[in-house]
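Here is a short briefing on one protein model. Please look over the sequence and the structure before reading on.

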Amino acid sequence: MTGLGLSMIAIACAGIAFQLFAAPPEEPISGRFAQYPWLEAIFISGLYATVGLTALLYPFFVRQASAGESGGAVQKVTGVLLVLDGLAFAVRGAQLLHAHRFDHQHHAQALKHLWW
């Protein structure tokens, strides 16, 4: 888990430094912010960083849980990070689903006009 966590944090740093996650203007929702590539980079890099931090803390979480300790600071922080990561993935997934559903409907209408 440590290697995975460090890798994800490195990806987050690279995402901010090089603005790797900028959306093209053609994207239905994220494309509205195409002139601000740092905005998408901060959101996605933040998601990578929190998942990486959760992966780094998880072995300590398991160690405390297997020792019978409950309610420790590591367990609370890991739990909060897991909830935040889950919510962020749900929001991003809903956004992508909506964007690509819209995109497919647009293409279907365009094809309909070509074929009919």
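Predicted model: local features only at pLDDT ≥ 70, side-chain atom pairs only at ≥ 80, totals over all residues.

The protein has three helices and zero strands. Its pattern along the sequence is α-α-α. A search of the whole structure finds three aromatic pairs, and the largest pocket holds about 170 Å³ of space.

**Fold and surface**

- The protein has 116 residues, and 23% of them count as buried.
- Take the contacts between residues at least 6 apart in sequence: 61% of them join residues at least 24 apart.
- The accessible surface of the protein is about 8000 Å². Carbon and sulfur atoms account for 72% of that surface.
- Helix α2 covers residues 37-66, and helix α3 covers 73-115.

**Aromatic pairs**

- Three aromatic pairs turn up in the whole structure. One of them joins tyrosine 36 and tryptophan 38, and this pair is edge-to-face.
- Tyrosine 36 has 40% relative accessibility, so it counts as partly exposed. Tryptophan 38 is also partly exposed, at 45% relative accessible area.
- Tyrosine 58 and phenylalanine 61 form a stacked pair. Their ring centres are 5.9 Å apart, with the planes at 25°. Planes under 30 degrees apart count as stacked.
- Both tyrosine 58 and phenylalanine 61 sit in helix α2. They are three residues apart, about one turn of the helix.
- Tyrosine 58 is partly exposed, at 35% relative accessibility. Phenylalanine 61 has a relative accessible area of 25%, so it too is partly exposed. The cut-off for buried is under 20%.

**Largest pocket**

- What volume does the largest pocket have? It comes to about 170 Å³.
- The lining of the largest pocket includes Ile29, Ser30 and Phe33. Leu39, Glu40 and Phe43 also line the pocket. Val91, Arg92 and Gln95 complete the list.
- Which helices each supply at least two residues of this lining? They are α2 and α3.
- By type, the lining residues of the largest pocket divide into five nonpolar, two polar and two charged.

Conventions. Residues numbered from 1 in each chain as written. Heavy atoms only, no water. Helix = DSSP H or I, 4+ residues; strand = E, 2+ residues; numbered from the N terminus. Buried < 20%, exposed > 50% of the residue type's maximum accessible area, 1.4 Å probe, protein only. Contact = heavy atoms within 4.5 Å. Areas by Shrake-Rupley, 256 points an atom, 1.4 Å probe, with all protein chains shown as cover. Phe/Tyr/Trp six-rings, centres within 6.5 Å; stacked < 30°, edge-to-face > 60°. 1 Å grid on protein atoms, 1.4 Å probe; cavity = no way out; pocket = protein on both sides within 12 Å on 5 of 7 lines; lining within 4 Å. Points joined across faces, edges and corners; volume = space filled by probe spheres on them. Nonpolar A, V, L, I, M, F, W, Y, C, P; charged D, E, K, R; others polar.
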